[in-house]
Amino acid sequence: MPLLKVNRERLKRSMDQISTIGATPRGGMHRLALGDKDRQARDLLKRWCMDAGFPVRVDPIGNMFARRAGRHSDSPPVVIGSHLDSQCMAGRFDGPVGVIAALEVLRTLDDQRVVTQAPIDLVNWTNEEGARFSPPLLGSGVFTGAHDLDFALRQTDKEGLSVQQELVRIGYAGAGPVTLPVRKYIELHIEQGVVLEQAAIGIGVVTGFVGIRDTKVTVLGQSTHAGPLAMDSRRDALVGAAGMILAARAIGLAHGPDARVTIGKLAIPSDSHSVVPGCVEMVLDVRHPDAHRLDAVVFALQQRFRAMATDSGLAVHFEDSWYYPPVVFDSGLRSQIAEAAAGFGYSHMELPSRAGHDALNMARVAPTAMIFIPCRAGLSHNELEFAEDQDIAAGADVLLAAALAAAR
């Protein structure tokens, strides 16, 4: 049977329409999890699925599943999809590309009257980004047992509103089991990097995830009035933290090219122009594809920070936030993705994911793989994030072929 291709016009039309919900003036997206814009996007997705004859189920954490039936209704489904929520003032492709491509896969299979052995489920995961509720990957975490449902429902945003309250408010507090058996899971996503673009490659066959370790770092000095105390007598926690941030960059570079070290979140509890900061809180994000080298980078950072604190009359404390060990994706699914790309004549290459996705959780419970497509200049979590229509369509073609092979 020749390889099927998705309907390009319909795919683009759906992407353009979903992108109007939460659109920003610079062409980006602001659609935080369980907010009003997220509800509108969910409602539109639900209407599209129901109109096409794909019944929608919502679970207790708000994950949405739309099913295209297979010959064997009791068989575990092949699950494809991603998420509709965004970061603050971010891009319109990170997540929605995978959801809308999954919808187009189901529609195309219906157009061609293809019968699969197993059902195929589209999924929209709740709170993938973690921009409003922490931790990220929350919906898939509950689905795979990484988080208890009660824990997830208790999480609150900056205004004190809980996940449970907001699910009820927007009408997506579902029922039924929080997890179900899955035959295979495949997720299409923009790369969020420059590897594919620089290599002029259209399809990324994702080998797995790098390890990710987040640590809360608290630097302690002594708060005091900004005026009376001489500068050489201060124990300024912010000055100490600034040095640690520069040291973190140097250590990340020293462990290159695979290490990634980032401090992107900083809090000063005193928060006053006239107070020498006595406390600074930071989040240290460290990533590496090798678990042992990841641990080595974290150890080097903590040793350097402790030495710097001692030299400055400060104290520093470390608290583990979360850790995702490196993950290797299913070899059979990766081969099917590569074969599909080759069959279409699309250039392809293997590469790891250096960002977290719901596939990270799904790899705990089912054979899992991801397909990457290029994004311009590697920009993501940015209003200027952009993916070409032809690249989205090519990724959807490969997703269609891989899902079809997995469901037969």
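Which strand holds E187? E187 sits in strand β5, residues 184-190. Strands here are DSSP runs of E with at least two residues, helices are H or I runs of at least four, and both are numbered from the N terminus.

The model is predicted: local features need pLDDT of at least 70, side-chain atom pairs count only at pLDDT 80 or more, and totals for chains, interfaces and linings use all residues. Residues are numbered from 1 along each chain as its sequence is written, and side-chain values use heavy atoms, with hydrogens and water left out.

E187 is buried and has no salt bridge. E385 is also buried without a salt bridge. Buried means under 20% relative accessible area, exposed over 50%, and partly exposed in between (1.4 Å probe, protein chains only). A salt bridge puts a side-chain nitrogen of Lys or Arg within 4 Å of a carboxyl oxygen of Asp or Glu. For charge, Lys and Arg count as positive and Asp and Glu as negative; His and the chain ends are not counted.

E385 lies in the loop between β15 (368-373) and α12. The table lists the distances for both residues.

| Residue | Nearest side chain of opposite charge | Side chain to backbone nitrogen |
|---|---|---|
| E187 | R287, 13 Å | A359, 3.2 Å |
| E385 | R92, 7.6 Å | F93, 2.9 Å |

The side chain of E187 also makes a polar contact of 2.8 Å with that of Y185. A polar contact is a pair of N or O atoms within 3.5 Å; within protein, one must be able to donate a hydrogen and the other to accept it, and residues adjacent in sequence count only if both atoms are side-chain atoms.

Contact means heavy atoms within 4.5 Å. Beyond four places in sequence, E187 contacts residues including G81, S82, H357 and M370.

**Nonpolar cores**

A nonpolar core joins buried Ala, Val, Leu, Ile, Met, Phe, Trp, Tyr and Cys residues through side-chain atoms within 4.5 Å. The largest has 73 residues, and I80, L122 and V398 touch the most other members. Helix α12 (residues 389-407) gives the most to this core, with 13 residues. A second, separate core of 24 residues includes V123, F143, Y324 and M370.

**Cysteines**

The disulfide count is 0, with a disulfide taken as a pair of cysteine sulfur atoms within 2.5 Å. For C375, the nearest cysteine sulfur is that of C88, 19 Å away. C375 counts as buried because its relative accessibility is 1%. C279 is buried too, at 18%.
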